[in-house]
Amino acid sequence: MSDTLTLSAETRDRVGKGASRALRREGRVPAVIYGNNQEPTSIHLDERALYKALHTGHFMNSVVMIEGLGGKAIRTLPKDVSLDVVTERPVHVDFLRISEHATVTVSVPVVFADEDASPGLKKGGVLNIVRHELEVVCDAAEIPSEITVSVKGLDLGESLHISAVTLPKGVASAIEDRDFTIATIAAPAALVSEQAEAAEAEAAGETEEAPAADGDAAEGEAKDGE
């Protein structure tokens, strides 16, 4: 299960671009908490604390408790982090206010296992990852930190679909209208090259035989004329 993170915040008295720039100069990051049928709350966070949380590797699929706003901590789920296009420093964060056992939709990282049990990989094939994350629906208190996917038995040219994945209990795919691909086993470049060369050689051989066949036909016609 994904860890719960905690961040301290203060309410924002002023909003707007000018106020936000002033906060950033002071090492603070503007943010907003919305949802759960309540009015949005404008806040600001310590940039260093936020930066540390962002680099846990699971910030976007973790419950974040926002403290310091008076009363008890607010349970939230990060929904969007805006970064500066040049410095990549966080400039704004959106948090969704949730109840303890709310049903939420989150993106969870995929970890591939049993690669040594894949015939295709043993032959030199390449694991082509189509989806590095899976969008799932689950209880906010039971968000998985990662989803392990086995490639056992996959051979060259074969694909792994969501229907073949065993999701944790209480977790369901957010996409239900199609059996989408998660990964494929691609043939190694050397094998593809060999197959292409063999196909070209075979095509060339058929082309060379064609004139001889025409000559035989012409000779047959001459004999018929005699």
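What share of contacts in the protein between residues at least 6 apart in sequence join residues at least 24 apart? The share is 66%. The close-ups below come from a predicted model.

**View 1. Overview of the protein.** The secondary structure comes to 4 helices and 13 strands. The protein has 226 residues, and 32% of them count as buried.

**View 2. The largest nonpolar core.** In soluble globular proteins, nonpolar side chains tend to be buried together. Here the largest such core holds 30 residues. Val104, Val106, Phe112 and Leu134 touch the most other members. At least two residues of this core come from each of strand 7 (103-113), strand 9 (133-139), strand 10 (147-150) and strand 13 (181-186). Strand 7 gives the largest share, 5 residues.

**View 3. The surroundings of Leu134.** Which residues does Leu134 contact, leaving aside its neighbours within four places in sequence? They are Val106, Ser107, Val108, Val110, Ile147, Ile162, Leu167, Phe180 and Ile182.

View 4. Strands of a sheet pair through backbone hydrogen bonds, either parallel or antiparallel. In this sheet the pairing is mixed, and the strand order is 10-7-9-12. Strand 10 and strand 12 (172-173) stand at the edges. Each has a single partner strand, so one side of each is left without a neighbour in the sheet. Strand 7 and strand 10 run parallel and are joined by 4 bridges. Within this pair, Val110 stands opposite Ile147 of strand 10. Val110 and Ile147 are also both among the contacts of Leu134.

**View 5. Helix 1 and its packing.** Helix 1 spans residues 17-25, and its buried residues are Ala19, Ser20, Ala22 and Leu23. Why do these buried residues line one face of the helix? Seen down the axis of helix 1, they fall within an arc of 160°, so they share one face. An α-helix has 3.6 residues a turn, so residues three or four places apart point the same way. The buried residues of helix 1 pack against strand 2 (28-35) and strand 3 (38-46). Lys17 and Arg25 are exposed on the other side of the helix. Gly27 follows helix 1 and has a positive phi, near 80°.

View 6. Strand 4 and strand 5 (residues 74-83) pair in the antiparallel sense. The pairing runs over 3 bridges. Met65 stands opposite Arg75 in strand 5. The hairpin has 6 residues between its strands. In the turn, Gly68 has a positive phi of about 90°.

**View 7. The hairpin of strand 5 and strand 6.** Strand 5 pairs with strand 6 as well, over 7 bridges in the antiparallel sense. Leu77 has Leu96 of strand 6 as its bridge partner. This hairpin has 6 residues between the strands. Which residue of the hairpin takes a positive phi near 60°? It is Glu88.

**View 8. The aromatic pair of Phe59 and Phe95.** A pair of aromatic rings is described by the distance of the centres and the angle of the planes. A search of the whole structure finds 1 aromatic pair. The rings of Phe59 and Phe95 have their centres 6.5 Å apart and their planes at 75°, so the pair is edge-to-face. Phe59 lies in the loop between helix 2 (47-54) and strand 4 (64-67), and Phe95 lies in strand 6 (residues 90-97). The pair therefore ties together parts that are 36 residues apart in sequence.

**View 9. Gly153 in its loop.** Gly153 sits in the loop between strand 10 and strand 11 (159-161). Its relative accessible area is 42%, so Gly153 counts as partly exposed. Its contacts, leaving aside neighbours within four places in sequence, are Ala117, Ser118, Pro119 and Glu158. Gly153 and Ala117 are 36 residues apart along the chain, and their C-alpha atoms are separated by 6.2 Å.

How values were computed: Residues numbered from 1 in each chain as written. Predicted model: local features only at pLDDT ≥ 70, side-chain atom pairs only at ≥ 80, totals over all residues. Heavy atoms only, no water. Core = buried A, V, L, I, M, F, W, Y, C linked by side-chain atoms within 4.5 Å. Buried < 20%, exposed > 50% of the residue type's maximum accessible area, 1.4 Å probe, protein only. Contact = heavy atoms within 4.5 Å. Phe/Tyr/Trp six-rings, centres within 6.5 Å; stacked < 30°, edge-to-face > 60°. Pairing = 2+ DSSP bridges. Arc of directions from axis to C-beta.
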